[in-house]
Amino acid sequence: MPDVLLVEDRGAVRILTLNRPDKLNALNHALAGALIAALEQADRDRGVRAVVLTGAGRAFCAGADLSEFRDLRPGDNQDFVTERAEQSYRLNTMLTKLRTPVIAAARGHAVGGGAGLCLGCDMVVASETLKLGYPELKHDIVAAVVMTGLTRQVGRKIAFELVATGRILGAREALDLRMINRVVADDALLDEAVALAAKLAAVAEPAMRTTKELFYRVCELPYDEAMLAGRDVNMIMRGFRKARD
């Protein structure tokens with residue numbers, strides 16, 4: 001069996017490739033666990049300054065592997081149900097907490113949990129083939145863990161429409177809604193994402209780490225508290241250049 005996750009370094013950029021192309025890179029227990037471990041390892045590796053997350057084949061990620069759901073019935077296998085719920089929670093909350101910036105390189109299907117994973121990255125470079133959406137209700141399940149990130153991405157009205165109707169967005173509409181950063185030709189997708197990641201990797205590590213940390217703090221704080229957080233960082237950032245020298 002091939003590895004479910006491939007790891008490649010290009011200079012200071014680490015590329016993580018979901019590698020279940022025959023399943024459109026659907027997240028099963030093994031792949032989700034491998035991805036969590038790989039992201040944590042990349043964040044610890046001082047030689048890794050940016051991460052690109054992509055999928056093998058013609059899709060980014062088709063969400064949860066529905067074939068595993070037969071083992072997720074409460075009462076039959078409660079320990080596994082709990083473990084998978086916790087795993088999904090960890091994966092969907094960790095990306096913004098990593099010190100290392102993460103860029104999604106997304107083509108084809110990025111749906112359900114795959115959409116949550118894609119939009120959870122700090123930036124998204126998408127192929128013209130992108131199909132982004134939340135079709136969970138069509139399978140009689142709920143877009144549960146991914147809903148929090150979605151509402152913060154696009155606001156309540158659009159978010160509710162997407163989870164309630166399961167409508168799939170193309171790359172250009174996702175760009176218009178500011179869910180992704182840019183759209184590129186399919187054959188240029190990975191190179192464009194790696195080039196963007198390399199620009200982030202070239203920034204002094206303390207400055208990039210603090211920028212990412214402060215960014216997600218101020219997104220959630222009330223205005224006055226956010227300004228105070230910015231003031232505190234403003235007072236310490238002058239030491240970054242000296243530390244780099």
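Analyst: **The aromatic pair and its surroundings**

Phe 215 is partly exposed, because its relative accessible area is 46% and that class lies between buried (under 20%) and exposed (over 50%), with a 1.4 Å probe and protein chains only. Tyr 216 also counts as partly exposed, at 23% relative accessibility. The model is predicted, so local features need pLDDT of at least 70 and side-chain atom pairs pLDDT 80 or more, whereas totals for chains, interfaces and linings use all residues. Residues are numbered from 1 along each chain as its sequence is written, and side-chain values use heavy atoms, without hydrogens or water.

The structure holds one aromatic pair (ring centres of Phe, Tyr or the six-membered ring of Trp within 6.5 Å). Phe 215 and Tyr 216 form this pair, with 5.0 Å centre to centre and 90 degrees between the planes. The arrangement is edge-to-face, since planes over 60 degrees apart fall in that class, those under 30 count as stacked and the rest as tilted.

Strands (at least two residues) and helices (H or I, at least four) are DSSP runs numbered from the N terminus. In a regular strand, side chains alternate between the two faces of the sheet. In E3, Ala 50, Val 52 and Thr 54 are buried on one side, and Val 51, Leu 53 and Gly 55 are buried on the other.

Strand E2 (residues 13-18) pairs with E3 in the parallel sense over six bridges; pairing requires at least two DSSP bridges. Within this pairing, Val 51 of E3 is the bridge partner of Arg 14. From E2 the chain crosses through helix H1 (residues 29-44) to E3, a right-handed β-α-β crossover (clockwise from first strand over helix to second, with the strands pointing away from the viewer). E3 is also joined to strand E4 (residues 102-106) by four bridges, again in parallel, and Leu 53 stands opposite Ala 104 of E4.

Elsewhere, three strands in the order E5-E7-E8 form an open sheet with mixed pairing. Its edge strands, E5 (109-111) and E8 (169-170), each pair on one side only. E5 and E7 are parallel over three bridges, and Val 111 faces Gly 133 in E7.

The loop between E7 (131-133) and helix H4 (146-154) contains Val 142. Val 142 is exposed, with a relative accessible area of 58%. Together with Leu 137 and Met 147, Val 142 makes a nonpolar surface patch of about 270 Å².

Definitions and conventions: Patch = residues over 30% accessible without salt bridge, like charges linked within 9 Å, V, L, I, M, F, W, Y side chains within 5 Å. Areas by Shrake-Rupley, 256 points an atom, 1.4 Å probe, with all protein chains shown as cover. Salt bridge = Lys/Arg side-chain N within 4 Å of Asp/Glu carboxyl O.
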